[in-house]
Amino acid sequence: MNPFIKYISGIFTALKALIGGLRVTWRELWRKKVTMQYPENRETLVISDRWRSELHMPHDENNEHACTACGICMNNCPNGTIKVTSNMEETEDGKKKRVLDKYVWDYGTCTFCNLCVITCPSDAIQFNNDFEGAMYDRSKLIRQLNKPGSKLREKEKVEKPAAPAKEAAKPTEAPAKKEEKKEIAPEAKKADEKSSDKENK
Amino acid sequence: MNYNQPLELTGLVSNLHEFFRDNLSPFWATLVEGALVLLALLTLYAVIALALIYIERKITAFFQSRLGPNRLGKYGVIQSIADMIKILIKEIIHIKEVDKFLFYAAPFFVIVSSMLTFGAIPFGQGLQAVDFNIGIVYVLATSSIGIIGVLLAGWSSNNKYSMLGAMRSGAQFISYELSAGFALMTVVVLSGTMQLSEIVESQRYAWNIFNGHILALIAFIIYLISGHAETNRGPFDLPEAEGELTAGYHTEYSGLQFGFFYLAEYLNMFIIASIATTVFLGGWMPIQIKGWDAFNQIMWYIPSYVWFFGKAGFLVFLSLWVRWTFPRMRIDLLLNLEWKYLLPINLINIIVMVVMVLMGWTLSDWFPALFGN
Amino acid sequence: MKDLILNIVPDAVIEEKEKLTVTVEPKQLHPLVKALYSNKELPFDYLISLIGMDWGDKLGVIYLLSSSKDMSREIAIITATEDRENPLLYSITDMYEAAHLNEREVYALLGIRFINNPDMRKFLLAEDWNGYPLRKDYNDDPKLNPITIANKEIVDIAPFIKEDEKGNLVEGTTDIFEEDDYVINIGPQHPSTHGVMHFRTALNGEVIKKIDVHSGYIHRGIEKMAESMTYPQILHLTDRLDYLSASNNRHALCMCVEKAAGIEVPERAQYIRVIMDELNRISSHLLAWAAHCNDLGGTTAFIYGVREREHVLDIFDKTCGGRLIVNYNVIGGVMNDIYPDFQKDVKAFIPYMREKLVEYDNFFTHNPITLNRMINVGNLSYEDAVSYAVTGPAGRGSGWSCDVRIHKPYSLYDKVKFKEIIRTEGDSYARYLNRLDEIEQALQIIEQLVDNIPEGEFKAKTKPIIRLPEGQFYQSVEAGKGEFAVFIESKGDKSPYRIKFRSPSFAAVSAMPIISEGELLTDFIGIGGSMDYVIPDIDR
């Protein structure tokens with residue numbers, strides 16, 4: 001091609017492409033903006049219900065939880081974020097029983113890998129959606145999850161196999177959680193057996 | 001034809017002038033007037049810079065589908081004032097092993113250069129501090145002092161990044177100063193004067209960009225590009241190029257010294273827009289059509305300084321639009337653009353313009369009834 | 001193949017394991033590799049991985065070689081020395097450029113020095129680090145390597161050890177830079193190194209004369225940590241390698257463990273995994289595009305790219321409970337079933353993304369400044385791409401068909417239809433376009449799968465404690481940046497004896513010096529963007 005024509009046509013193709021770019025930003029100027037105004041939109045903010053923020057131990061109205069202090073979560077945690085301390089107590093019928101004393105979780109070292117939750121045989125712990133975890137004091141990151149004075153949920157649950165009990169609880173749960181539990185059930189049984197094996201030894 | 005101009009400031013200015021002449025000796029009157037003009041200009045300088053910073057942040061955000069500053073005051077309008085206060089009270093970090101004198105002098109070169117240029121701009125009817133008969137040459141001369149500051153800053157910082165930034169800046173500025181100068185000269189040929197007030201006056205019925213049609217339009221575009229390049233703003237922001245040189249020539253500056261560079265950058269953007277407005281878009285002159293007195297009267301109700309800031313604001317918006325759309329040039333592309341495209345086109349343009357003016361091919365020559373002064 | 005090997009080294013031990021494994025004496029290694037490298041029919045010119053090993057009694061290296069012509073052919077060569085005080089092996093840097101940094105890494109972590117490697121500085125670790133972390137007898141007492149805030153000067157002198165003509169070993173040093181070079185530090189704190197990367201750059205004016213790569217500022221010793229963790233625990237570390245390909249990385253480790261432990265993954269899980277991998281690839285490429293544009297000075301483009309990526313992250317967020325570190329794949333399947341909205345969200349995302357790809361083209365791809373800054377800049381030839389082992393969109397930009405999904409198909413990739421995007425120019429622009437085209441291909445893969453996710457279990461039943469049988473296991477996947485591979489050596493425990501990750505970014509960075517040489521400093525940043533490396537992937 002004639003270099004002069006090439007020179008001139010080069011200018012025009014360049015201009016055309018540049019204007020194409022300008023058009024994109026021009027259209028963007030009038031579009032709805034994507035910024036979320038965070039503290040103001042607290043009310044309308046939707047956090048996915050599977051979002052992992054803080055580990056917590058659900059307590060029922062009688063201040064009872066489901067943790068048997070078996071320590072599986074502690075052993076499974078890759079970073080030593082969970083510390084479970086337990087006492088041995090003697091029940092009325094003379095059997096020795098492990099009772100949860102302190103369940104301490106360190107927000108600062110947790111990597112939210114969910115291993116503790118999926119391996120827990122009694123579904124005693126869960127991650128909640130409370131994502132506002134900023135703290136002024138580092139010591140506040142280390143938390144005791146069992147409430148003072150709380151105890152293990154008694155009832156027939158201990159004697160019954162774990163799975164049917166959960167099955168009964170299912171319909172009331174959110175659909176997302178349902179699936180989580182289904183997965184846990186078979187593993188939980190095995191883990192239960194294993195932990196009892198350990199105790200026997 | 002005299003139109004009613006209720007909001008114009010010419011009356012106030014001449015009243016003040018007479019008041020001082022009547023009450024003070026000529027020496028003191030000149031001194032006080034000078035001080036007042038200086039004060040007014042400095043205030044305007046700061047206010048425009050702050051407004052521009054706010055506007056840029058807001059418009060940039062809109063281009064990028066964000067909201068921009070919106071926390072401080074309604075729509076965040078106080079944000080840049082808060083930023084100014086912050087920058088004023090920030091510590092100036094003293095760096096070891098810099099060339100102290102040059103290091104501290106550099107920001108002043110930059111800011112003084114932009115202030116000198118700023119003083120010569122006609123903001124409105126009668127609102128011009130100095131009106132040289134070589135106004136355009138003066139503007140070109142003073143605005144190029146700034147490069148000395150940039151070079152000094154880069155050299156004296158004792159920092160390799162700053163040094164590279166300054167060197168790029170030097171090459172860039174010298175190249176684009178040529179184009180900017182030639183583009184303005186094209187208009188000087190067209191208007192036959194270098195005095196800014198006369199250039200504005202000559203555009204009463206036909207802005208230069210229309211009067212000189214194609215050629216003036218080419219000159220206008222070239223001036224916008226080279227002016228944009230002179231202000232070191234994207235896509236020509238190579239001297240600072242935050243991606244590669246961290247902050248280029250002002251990497252080592254902090255606090256108010258950095259503030260000077262920052263302020264000057266925004267003001268230069270405005271100055272380029274103002275000069276383009278004055279020279280190509282009729283300056284503060286309202287839109288007027290020969291013979292339509294009623295229409296002209298309505299246009300004159302809008303004061304001249306509003307016209308001026310409106311036109312300049314439009315050009316500033318163009319500059320922001322370009323800046324936030326295009327990626328950064330590379331130094332060789334930048335010089336290519338100047339020496340292989342802008343400058344040759346410009347040179348041909350100026351020659352053709354001379355021929356055009358001599359042959360009487362301008363709009364005002366063709367249709368004197370409509371566009372002639 | 002066996003004949004060829006036995007021809008060169010008659011007493012080589014050849015085993016048919018998962019891969020053809022050849023064990024040779026250190027002296028015989030170089031001739032063997034040379035023969036494989038220059039084999040006419042099928043040259044083994046692609047060094048996938050160079051794995052330093054400590055077997056207790058022996059220190060050695062596993063070379064994992066493959067051919068650029070046929071990536072499905074792989075061979076593992078093992079060599080080891082009994083000398084723990086001064087272990088010496090022969091370098092293969094004269095054939096594989098990729099071996100340079102890999103051998104330096106092995107020296108830093110295991111203390112094996114390589115004869116004839118011209119630059120035997122430690123890579124990833126500081127020069128004055130005491131001990132070799134990946135050795136089994138490593139003393140991790142903090143007193144040996146105290147944390148100091150004292151300024152450490154960088155010494156640009158490289159020791160080497162080489163064999164002269166008579167076969168004697170000679171030690172010496174070379175200077176990295178010439179005396180009057182204008183050396184500028186790009187990094188470790190620099191806006192455009194995409195992390196804590198450090199390039200010592202010698203400039204000639206603004207033209208780059210030489211680059212010396214320093215890395216390891218955020219080296220976390222993931223491979224060492226993994227040796228004391230169970231397999232499910234290691235999984236959470238893979239997300240933290242190349243955090244932009246979290247799903248893909250985790251998929252690799254899961255598959256490796258599943259293969260070794262003989263776990264059958266349900267089909268539903270396979271579908272979910274592949275969709276997640278492709279979504280992650282889109283998110284990775286989008287950020288790569290955005291960061292590349294930002295490196296070229298297009299700040300607005302960065303925001304646009306991140307804006308679209310947010311939609312992918314929202315999908316992850318709902319199903320996985322995480323956005324960047326998704327933590328989704330587990331051994332035997334995936335952690336949760338897909339969220340009820342998942343299919344709807346994904347199907348809404350596909351047309352949205354296509355529309356935006358057109359916008360990207362108008363906005364950036366045809367821009368004359370972009371073209372000038374990318375075309376014919378940072379040229380990586382086919383030979384260099386293979387020699388430096390640069391895979392992924394960057395390798396395919398140089399005309400090398402290196403998509404693991406095609407050559408070593410895993411999971412469902414042999415069932416879905418998609419095109420391998422190959423360009424032969426080898427410049428920044430080819431790599432740039434490859435990424436945008438791969439987003440489109442990923443969308444097509446997702447389209448084929450999203451409506452056909454079969455019913456069933458999303459996770460296979462696994463034992464509570466997973467032990468792998470004794471042996472060596474490999475698995476490669478195509479991550480966002482290239483071939484990501486996992487190597488596990490197991491002694492039958494619940495944690496690996498040695499685990500090694502092959503990171504694509506490592507290769508990309510090792511190629512930076514050659515492709516940036518002679519380019520302007522400005523372009524160096526743009527080339528970095530086009531190679532798209534992620535630092536945590538290098539500093540494992």
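Predicted model: local features only at pLDDT ≥ 70, side-chain atom pairs only at ≥ 80, totals over all residues.

Modeller: What does its side chain meet? Arg323(B) forms a salt bridge with Glu56(B), at 3.7 Å from N to O. Follow the chain and you'll see that these partners sit 267 residues apart, with Glu56(B) in helix 2 of chain B and Arg323(B) in helix 14, residues 304-323. Glu56(B) is buried too, with a relative accessible area of 3%. As for why such a pair can form, side chains of opposite charge can pair when their charged atoms come close.

Chain B has another pair like that. Asp237(B) and Arg328(B) meet in a salt bridge at 3.0 Å, N to O. Here the partners come from two loops and are 91 residues apart: Asp237(B) is between helix 10 (213-230) and helix 11 (242-245), while Arg328(B) is between helix 14 and helix 15 (331-359). Both of these residues are buried.

Ser65(B) has a positive phi of about 50° although it isn't a glycine. Tyr75(B) isn't a glycine either, and its phi is positive as well, near 55°. Are they buried or exposed? Ser65(B) is buried, at 1% relative accessible area, whereas Tyr75(B) counts as exposed, at 56%.

Back to salt bridges: over all chains, the structure holds 58 of them. One of those in chain C joins Lys481(C) to Asp532(C), at 3.4 Å from N to O. Lys481(C) is in the loop between strand 15 (471-479) and strand 16 (482-490), and Asp532(C) is in the loop between helix 16 (521-531) and helix 17 (535-538), so this bridge ties together parts that are 51 residues apart in sequence. Both partners are buried, Lys481(C) as well as Asp532(C). Chain C also has a whole network, in which salt bridges with shared partners join Glu278(C), Arg281(C), Arg396(C), Asp403(C), Arg405(C), Glu438(C) and Glu478(C).

Now zoom out to the domains of chain C. The chain is divided into domain 1 (2-141 + 160-170) and domain 2 (222-506), and their centres, taken over C-alpha atoms, are 29 Å apart. Domain 1 brings 38 residues to the contact and domain 2 brings 28. Together they bury about 2800 Å², with 55% of it from carbon and sulfur atoms. On the domain 1 side, Glu18(C), Met71(C) and Leu134(C) lose the most area, together 22% of what that side buries. There are 3 salt bridges between these two domains of chain C, and Glu74(C) and Lys408(C) also meet in a salt bridge, at 2.4 Å from N to O. You'll find 14 residue pairs in polar contact between the two domains. Strand 3 of chain C gives 9 residues to the domain 1 side, the largest share. By class, that side has 20 nonpolar, 7 polar and 11 charged residues.

Last stop: the place where chain C touches chain A. The contact takes 36 residues from chain C and 34 from chain A, and the buried area is about 2900 Å², 59% of it from carbon and sulfur atoms. Gln233(C), Met335(C) and Pro464(C) supply 17% of the area buried by chain C here, more than any other three residues. Across this interface there are 2 salt bridges. Arg31(A) and Glu359(C) pair up at 3.2 Å, N to O. There are also 16 residue pairs in polar contact between the chains. Helix 5 (231-238), helix 8 (299-320) and helix 9 (342-365) of chain C each give two or more residues to its side, and helix 8 has the largest share, with 7. That side of chain C has 14 nonpolar, 12 polar and 10 charged residues.

Methods: Residues numbered from 1 in each chain as written. Chains lettered and ligands numbered in written order. Heavy atoms only, no water. Contact = heavy atoms within 4.5 Å. Buried area = accessible area lost by both parts, 1.4 Å probe. Salt bridge = Lys/Arg side-chain N within 4 Å of Asp/Glu carboxyl O. Polar contact = N/O pair within 3.5 Å; in protein donor to acceptor, adjacent residues only side chain to side chain. Helix = DSSP H or I, 4+ residues; strand = E, 2+ residues; numbered from the N terminus. Nonpolar A, V, L, I, M, F, W, Y, C, P; charged D, E, K, R; others polar. Buried < 20%, exposed > 50% of the residue type's maximum accessible area, 1.4 Å probe, protein only. Domains from an automatic or database assignment.
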